[in-house]
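Good morning, colleagues. I would like to take you through one structure this morning, and I ask you to keep the display in view while I speak.

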Amino acid sequence: MTVYFIGAGPGAADLLTLRADRLIRTCDMCLYAGSIVPDEVLAHTPEGAEVINTARMPLEEIIATIIRADSEGKNIARLHSGDPTLYSAVAEQIRRLTEAGIAYEIVPGVPAFSAAAASLGHELTVPTVGQTVILTRVSGRASAMPEGEDLPTLGASGATMVIHLAAHDIRRVVAELTPNYGPDCPVAVVAFASRPAEVIVRGTLADIAEQVELAGITRTAVIIVGRVLQATEFPDSFLYSDDRPRDDEGRTIPCMH
């Protein structure tokens, strides 16, 4: 049978993909990662399905549970918040499933940074202002960052930065980014994006730490830093230009040099 690593999205049940919803509704076993997967999503599991909270289970116990279900011919929905390809600890599970000869499939989900940007009402790539987005985190208890992936090094690019798993360390984030971005650089912190408990804090690197602490935001949040958050003066995209050569389907015709 198959283990489906399903992106359950940022929280809102109606942000599940159609594929994710179908697999959750037809699974024989559903493994979910504690409170980061809302009850509204778990409500989609079918009657009789084995639903297991893995929040306090060590990895080897989780794998043993999957191996047991696979031996019983069960399809398994393994729910992760956001998208499984970002900060989901899927790689460790896949390595063990591959060793055990168990088939798996990754089902994409709406990532937290997309939901956060949507809540802010911003595009993260604005013409001439910012065309690069860096998704990263900071070193901590979970794992160290590889050499060269620290915030001061990444921040030298000036690109829009989306920082996960760091709201609890907001003052460190500010201290490490301010030299490259400047104290007046816009910042937004979105906690529980798309959920009823969503909290949005806006400011600059000069004042965001105090605001985050006053709001009590310590987890389930993303920090977005960059000039795109306040961009108002910029040229329209070439996509809308009358000078863009188009074919009959509206696709851009490449220029031949």
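Let me begin with a definition: a residue is called buried under 20% relative accessible area, exposed over 50%, and partly exposed in between, using a 1.4 Å probe and protein chains only. The model is predicted, so local features need pLDDT of at least 70 and side-chain atom pairs count only at pLDDT 80 or more, while totals for chains, interfaces and linings use all residues. Residues are numbered from 1 along each chain as its sequence is written, and side-chain values use heavy atoms, with hydrogens and water left out.

I turn to the charged pairs. A salt bridge here is a side-chain nitrogen of Lys or Arg within 4 Å of a carboxyl oxygen of Asp or Glu. By this rule the count comes to 11 salt bridges. One of them joins D169 and R172, with the closest N and O atoms 3.3 Å apart. D169 is partly exposed, at a relative accessible area of 23%, and R172 is also classed as partly exposed, at 28%.

A second pair is E50 with K74, whose closest N and O atoms are 3.3 Å apart. This pair links distant parts of the chain, 24 residues apart: E50 belongs to strand β3 (residues 50-53), and K74 to the loop between α3 (59-71) and β4. Helices (H or I, at least four residues) and strands (E, at least two) are DSSP runs, numbered from the N terminus. A further salt bridge runs from R68 to E72, at 3.5 Å between the closest N and O atoms. R68 has a relative accessible area of 31%, and E72 has 44%. E50, R68, E72 and K74 are linked in a network of salt bridges.

Now consider a charged residue without such a partner. Where is D83 placed? It lies in the loop between β4 (76-80) and α4 (90-100). D83 is buried yet has no salt bridge, and R19, the nearest side chain of opposite charge, is 10 Å away. For charge, Lys and Arg count as positive and Asp and Glu as negative, whereas His and the chain ends are not counted.

What does the side chain of D83 join in a polar contact of 2.3 Å? The partner is the side chain of T85. A polar contact is a pair of N or O atoms within 3.5 Å; within protein, one must be able to donate a hydrogen and the other to accept it, and residues adjacent in sequence count only if both atoms are side-chain atoms.

Next, helix α8 (residues 208-215), in which I208, A209 and V212 are buried. Seen down the axis of α8, its buried residues fall within an arc of 100°, so they line one face of the helix; the arc is that of the directions from the helix axis to the C-beta atoms. These buried residues pack against α7 (170-181), β8 (186-191) and β9 (199-204), where contact means heavy atoms within 4.5 Å. After α8 comes G216, with a positive phi near 75°.

Finally, the cysteines. A disulfide is a pair of cysteine sulfur atoms within 2.5 Å, and a search of the whole structure finds zero. The sulfur of C27 is 5.0 Å from the closest cysteine sulfur, in C30, too far for a bond. C27 is buried, at 4% relative accessible area.
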